[in-house]
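Student: Could you help me learn to read a protein model?
Tutor: Gladly; have a look at it, and then we will go through it together.

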Amino acid sequence: MTSVVIRCSTPAGSPDMLERVEMHHVRYFVAVAEELSFTRAAERLHMATSPLSRRIRDLERELETPLFIREYHRISLTEAGKRLLPAARDLVEKFDALASIVAGANEPAPAVATVGMAPEVSPRLRERFLRVVRESAPQVRVRHESGSTAPLLRAVSKGELDVAFVHGRARSPELVAVRVEHQRVAVVVGRGIGFDDRTSVRLHELTHLPYVSLREAAAPFVYRVTDELLTRHGVHGRVTVPSNNQSDLVPMVAAGQAFTICGAEFGATHKAFVGEPTLMLPFDDDNIQLATYAVWREDRVPHTTVLRRLIEIIWDELAVKPNGNR
């Protein structure tokens, strides 16, 4: 039997009494005090009324004070019963919680992996990564950090992120980059400026329009590669939107004043133009692709178990092989 210590003051103001009582006595008292009926309390406790009444008498005898006023077809709490009820409730709740407290004592605490995601990462890559982690490393819990490529790379370099999924290669020698995804890109132009009947476009046809983009700082590698590509094809006009919000590109493009480039299938920029009076046309002249890389700091790998597990998953399940397949 489980014994507990209860402190109770008698109504007469006698000294506090410390007595050993059984845990089930406390549980029975709480049930009767809450129901204010021996019959309903007995039903709640799945027992008969007579033994319940005897147990309450035993408790009152141990505490040397009545806890209930018994009247015909009615009971109520004495002053001592009212004082005892909050402490008895708390005691029962804490006792019942013991099993759940110790249930996971022998299980290792989950390891937390902090993973950054750039805006053009596809939902299917993100969902596949999370699914594989859940299935092959259930002890690892992933915490997401969203951001553009440059801030995510800085966070990886500082050790604030374990891994980041970013666009374009990382140039820092301390970082390892593995390509995990790529998609064709499309040019986005406004309707009514000469491309409405087209299914594709060549870059030299866009030389009369400036290219509008977000700030270079958001994704420097992608910005430089795009700038070199456009210059090579004779597109020299540039407009920079001073923000990191892809929806800020929409007004100029929809008005026919500029064009931009986005992923042909998914991504934040792609999503910003859905439903707008614009066209997304693939390029004819180059197999232009937007690549996503998983990036981590090599010197942290030997010392970080969770990072080693993530890298195994990336190499085995996500890395794009030389033939373009996983």
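**Reading the model**

Tutor: The protein has a mean pLDDT of 85, and 88% of its residues reach 70 or more. pLDDT is the predictor's confidence in each residue, from 0 to 100. This is a predicted model, so local features need pLDDT of at least 70 and side-chain atom pairs 80 or more, while totals for chains, interfaces and linings use all residues. Residues are numbered from 1 along each chain as its sequence is written, and side-chain values use heavy atoms, without hydrogens and water.

Student: Over which residues does pLDDT stay under 50?
Tutor: Where pLDDT is low, the predicted coordinates should not be read in detail. Here it stays under 50 over residues 1-19.

Student: Which residues of H7 are buried?
Tutor: Helices are DSSP runs of H or I with at least four residues, strands runs of E with at least two, numbered from the N terminus. Buried means under 20% relative accessible area, exposed over 50%, and partly exposed in between (1.4 Å probe, protein chains only). In H7 (residues 220-232), the buried ones are Thr226, Leu229 and Leu230. They cover an arc of only 95 degrees around the axis (taken from the directions from the axis to the C-beta atoms), so they sit on the same side of H7.

Student: How many aromatic pairs are there?
Tutor: Rings of Phe, Tyr and Trp (its six-membered ring) pair if their centres lie within 6.5 Å; planes under 30 degrees apart are stacked, over 60 edge-to-face, the rest tilted. That gives 5 aromatic pairs. Trp296 and Trp315 have ring centres 6.4 Å apart and planes at 80 degrees, so they are edge-to-face.

Note on methods:
Contact = heavy atoms within 4.5 Å.
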